[in-house]
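Reader: I would like a close look at one part of this model, with the terms spelled out as you go.

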Amino acid sequence: MILVTGAAGQIGRLLRAGLPQHGWALRCHDIADLGAAGPGEELVQADVTDLAAFVAAAEGTTAIVHLGGNPKESPWEAINRVNIEGTYNAFEAARLAGVPRVVFASSNHAVGFTPRARLASVDVRARPDGYYGVSKAAGEALGSLYADRYGLDVVCLRIGSQLPRPLRPRHLSTWLSDGDTVRLVHAALSAPSPGFAVVYGISANSRGWWDLAPGRTLGYHPADDAEDFAAEVIAEHGEPDLAEVTEAFIGGEFCGPEYDADRL
Ligand code: 15L
C-alpha cells in the first residue's frame, strides 16, 4: 500500500488511474474532496500540516508519494505552512510510522535561476526562482537529511511541466507527459535501494535541457517526446527569444518580474 498525498490534484489523479496498472494499491490523501474510491483504493481526507493525521495515514504503507502542497508560486505564509511544514511532516511521518521510502515531488523551480543549457546535471546548486522553488529545495534538503540520518530511501523528482501536451516553446524542453509521469513514479517506487536520488522529471524531449541519465539508472525510461508537437507550438508562438529573462533561465516565467514578492 502506497500513501499518495495531493491525490486530488492533477498528478494525483494521473497516479490514481495509472499506478494500479503497475500493481500498486493506493491510499489517497488530500484536504480536498477525493471523490469515490476506485477499486482497491483507500481515501483519507486530511491536511498535510496535521502531523498526527499524517502519521496515522502512513501506518502500514511501504512508501509515501508526497505531491501535496501549493503547486505554484504563492505568498510566503502559504508556502511556509503548506509546502515546507507539510513536506517536513511527510518525512517525519515516514520516520515515525516506519515507512522506508519517500518519493518527493520536487520541481525544476528548485533550480529555476540556472541559466538554461543543454544537459544540466542533477547536481547543479539549489537556485530557486521564488518561494515555491525554495520550498522544493528545502524538501530536497530534508530528504537528504532523512536519507543520511535515518536511512530512508528518498527519490526527489524535479518535475518539469506536467501537461497533457506542450503549449508553449519552453514546454518543448520541459514537458512531462501523462504516461511518462506514471512511468517516473513507478520507477521511483520500484528502484531497489536508491538511497538518496534526485532525477529530472521530463519526457524524452529532443530539446530537453536536463540530464536524464540518473533517471534511467533508476529505471525511468520515458516514452514521449515534445518534439511531436513542435511544429504546431512554434507556428503559434514563434521560436523562444533567449534575450528575454523568462527564456534565459530554466524556470521560465517564474524568473520574470511578475513573480516578484510585491506582486504575489
Ligand atoms: C511547476 O513546478 C508547477 O507546479 C507548474 O505549475 C508549472 O509552473 C511547472 O512547474 C513548469 O515549470 O512549467
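Which element gives the most to the lining of the second largest pocket, and with how many residues?

Author: The model is predicted, so local features need pLDDT of at least 70 and side-chain atom pairs count only at pLDDT 80 or more, while totals for chains, interfaces and linings use all residues. Residues are numbered from 1 along each chain as its sequence is written, and side-chain values use heavy atoms, with hydrogens and water left out.

It is H4 that gives the most to this lining, with four residues (helices, H or I, of at least four residues and strands, E, of at least two are DSSP runs numbered from the N terminus). Strand S9 (196-201), like H4, supplies at least two residues, and of the 14 lining residues, Glu140, Ala141, Arg158, Phe196 and Val198 lie nearest the centre of the second largest pocket. A pocket here is an open set of points on a 1 Å grid over the protein atoms alone where a 1.4 Å probe fits, with protein on both sides within 12 Å along at least five of seven lines, and lining residues have an atom within 4 Å of a point. The space in the second largest pocket is about 160 Å³, and its lining divides into nine nonpolar residues, one polar and four charged (Ala, Val, Leu, Ile, Met, Phe, Trp, Tyr, Cys and Pro count as nonpolar, Asp, Glu, Lys and Arg as charged, the others as polar).

Helix H4 (131-150) also supplies at least two residues to the lining of the largest pocket, as do helix H1 (10-18) and helix H3 (76-97), among others. That lining has 37 residues, with Gln10, Asn70, Pro71, Lys72 and Tyr132 nearest the centre of the largest pocket, and it comprises 13 nonpolar, 16 polar and eight charged residues.

Key. Points joined across faces, edges and corners; volume = space filled by probe spheres on them.
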